[in-house]
Amino acid sequence: MIFSILVLGAPFNSQSAYSAFRFTQAALASGQTIYRVFFYQEGIHNSSSLATPPQDEFDLYQAWQDLKEQYQLDFVTCIAAAARRGLLNESEAKRHNKSASNIASQFDLAGLGQLVEASAMSDQVITFGH
Amino acid sequence: MKTSKKKHILIVNQSAPYSSSNAKESLDIALAAGAFEQSVAILFIGDGCYQLLSNQSPKQTHSKNISQMLKVLPVYGIDKLYVDEQSLSNRNIEQLDENLTLTKVSQHEIQALYKEATTVFRF
């Protein structure tokens, strides 16, 4: 089965981001294919490179990055949703004339076309959030 | 690798127009899907019906007019707009924006919309 995952929730705000992570991890562990994980609305906060949870808590941000590296996944953060919420990568920061960038390198910034394409290429799109 | 195929995307809109970014950000998905020539249907249900009222004046809260944005959907090939008639009557909504071409649907017809859809996005 080919899945794509749509993440709409931010870490700490609800359980949806953590559930999305667990589902993705479980699907991969059982041999399923994850075509893409798409981060939209508040879900874009999962791609922050600056979030620093207390050391005795589970670090979901790092866990996403590790999962991506382990399975060579395709992580896409919606460029417009991220920009309006203050998440920029280096080139976007430059383009908008901002002083800093804060998106982890494991996440690509792209448009909603990547979500539509993911739905066309996958058997199922599973949404986490709302 | 599986090849891409045309999907039936159903966007279920159950949020009031200005209480969150759901209306705007789900509309963006509809437009992207239309641009990729996917089949797109939008269902307004629950408080999502409030997006369809005429004479919205969101300027005072510095928001963009949602019903104005919905009007352009047919230009992008998105002309399947549905509204749950039960949600309308529950909210005593009788007058919808007459510039929008909407089909009122029953619970039974909503089931059919879900059945036809290959991907559902709910906002």
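1. Which strand of chain A is A:Val76 found in? A:Val76 belongs to S3, residues 75-78. Helices here are DSSP runs of H or I with at least four residues, strands are runs of E with at least two, and both are numbered from the N terminus.

2. A quick word on what we're looking at. This is a predicted model, where local features need pLDDT of at least 70 and side-chain atom pairs count only at pLDDT 80 or more, while totals for chains, interfaces and linings use all residues. Residues are numbered from 1 along each chain as its sequence is written, with chains lettered from A and ligands numbered from 1 in the order in which they are written.

3. On confidence, the model scores ipTM 0.91 and pTM 0.94. Chain B has a mean pLDDT (the predictor's confidence in each residue, from 0 to 100) of 94, and 95% of its residues reach 70 or more.

4. Back to A:Val76: it counts as buried because it has 23 C-beta neighbours inside 10 Å. The cut-offs are 20 or more other C-beta atoms within 10 Å for buried, 12 or fewer for exposed, and partly exposed in between, with C-beta atoms placed from the backbone.

5. Beyond four places in sequence, A:Val76 is in contact (C-beta atoms, placed from the backbone, within 7 Å) with A:Arg36, A:Phe38, A:Phe39, A:Asp108, A:Ala110 and A:Gln114. As for A:Ser47, 29 residues away along the chain, its C-alpha atom is 9.2 Å from that of A:Val76.

6. Now the interface: 15 residues from chain A and 18 residues from chain B make the contact. On the chain A side, helix H5 (113-121) and strand S5 (124-128) are the elements giving two or more residues, and H5(A) has the largest share, 7 residues.

Conventions:
Two residues are in contact if their C-beta atoms, placed from the backbone, lie within 7 Å.
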